[in-house]
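Reader: I would like a close look at one part of this model, the open sheet, together with the helices packed on it and the spaces around it. Please give the cut-offs as you go.

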Amino acid sequence: MYQAELETMSRDELSALQSTRLSAAVRRAYDRVPFYRTRMDERGVAPEDIQSIADVWKLPFLTKKDFRAEYPFGLFSAPRSDIVRFHASSGTKGKPTLVGYTKADLAVWSDLMARALVTAGASPADTIHVAYGYGLFTGGLGFHAGVERLGATVIPASGGQTARQAMLLQDLRPEGLVCTPSYAMAIADAIRDSGADPSQLGLRYGIFGAEPWTDAIRSNLEKTFHIKACDVYGLSELMGPGVSIECQEAQNGLHIAEDHFFAEVINVDTGEPAAPMEGGELVLTALTKEGMSVVRYRTGDMVYLDVRPCVCGRTHARMSRVLGRLDDMLIIRGVNVFPSEIERVVVAREELSSHYVIYVDKQEHLDVLEVHVEVQPEYGSLAGQVVTGLVAEHRAPGLAADVAQELRDVLGLGIGVRLVPPGTLPRSEGKAVRLVDRRK
């Protein structure tokens, strides 16, 4: 472990630390951020009412809408002179969320990233290839700082120039690869195109995040690169990557850095706490962040929490892998559909690759879904099979029909399936575009 004394605290010790830090965070937010002062006053809550972590429910929620309304500096809780770096979300659905970091914030982030790397199997003797984008996106610089804090060697490849990434991986022989899971598969394609085998690179582990991915994708990545693949979770609003990560021993839930982040899971409709091990929306509070106050932030990610002991010895609670994002949920003919549910079915087939796109269209006044997925090169003859989403029975035999039937069984909804040749769907250098809405 990187910080064993912190990662193995008893639940009582952890609760006491969280209580102290929550009280300080709330006082800082109330005194320095008019947004929180107004919201707390409206609820009749004063900072002195927050005596322990059990009082967190008294505080108002923070939403993405609030972030946008307070853009750019409304949630900052440190003087501008103390802000040493900005990061921001992509802003693809409106104004980006701008985040400020003090020098102390960056030090904490570096430590948490080093902790995350070790949790996933890294050591100071390793070389680690960072293929997340550098810049306003938090992934590249976040991992870069963590590798250096750990004392390992970093390859700051950033995103793009995929053929060059493939060359560097073959020539420099790193132990670790970190990037989005979809970009890892794009890199694997480039390695094969060069005549090499991705499984022979000598990689030992991969750390993949910034987009939802399923166990089927994990199996594909582990087989492709001959590695252990661990999921990492973070949000630019909270810090960036490193809020939680899977341990390489269990790969069964992501350990939350609970000494710095308090996690709740709530019922989406009521806002009330979900029962233990019950799924709901993840709510996070930054307990130590100086530059920006983030209290009870509704992430939009659907998870459940597990506080049972882990085989790795860490005592911090684990969150499940993201079950779906509320932003991405589709309502198709009265049925709630998460893209990840489609992915679990499609990618589990050995004949199909991890490259897929879901299209939403309007047909005969009805919303319809159709998933386009590439076949594996050795199954190229299957390309061209198509089943439409509004046809329910009497389909011609074939893989597309089998997949369509399985999707219907899982979702209770007819979804079209189109098998396409290898290499025909667009590749992403960052977060993959899995959903394309063509109804407009």
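Author: Two strands count as paired if DSSP finds at least two bridges between them. Helices (H or I, at least four residues) and strands (E, at least two) are DSSP runs, numbered from the N terminus. This is a predicted model, in which local features need pLDDT of at least 70 and side-chain atom pairs count only at pLDDT 80 or more, while totals for chains, interfaces and linings use all residues. Residues are numbered from 1 along each chain as its sequence is written, and side-chain values use heavy atoms, with hydrogens and water left out.

The open sheet has nine strands with mixed pairing, in the order β4-β3-β5-β6-β7-β8-β9-β14-β13. Its edges are β4 (153–156) and β13 (305–306); each has a single partner strand, so one side of each is left without a neighbour in the sheet.

Within the sheet, β5 (residues 176–179) runs parallel to β6 (residues 205–209), and four bridges join the pair. Cys179 stands opposite Phe208 in β6. Helix α8 (residues 181–193) packs on the sheet and touches β5 and β6 (contact means heavy atoms within 4.5 Å). The direction of α8 makes about 125 degrees with that of β5; axes are lines fitted to C-alpha atoms, for helices over the stretch in contact, and angles run from 0 to 180 degrees between N-to-C directions. Helix α9 (residues 215–225) also packs on the sheet, touching β5, β6, β7 (228–235) and β8 (240–246). Its direction makes about 130 degrees with that of β7.

Both helices also supply lining to the second largest pocket, each giving at least two residues, as do β18 (352–363) and β19 (366–375). On a 1 Å grid over the protein atoms alone, a pocket is an open set with protein on both sides within 12 Å along at least five of seven lines, a cavity is a set of points where a 1.4 Å probe fits but cannot get out, and lining residues have an atom within 4 Å of a point. The pocket has a volume of about 660 Å³, the volume being the space filled by probe spheres set on the points, with grid points joined across faces, edges and corners. Of its 27 lining residues, Arg192, Asn220, Thr224, Gln376 and Glu378 lie nearest the centre. The largest share of this lining, five residues, comes from α9.

The largest cavity holds about 120 Å³ of space. Among its 14 lining residues, Arg115, Thr119, His255, Ile256 and Ala257 are the closest to its centre. Two or more lining residues come from each of α5 (103–119), β8 and β9 (254–256).
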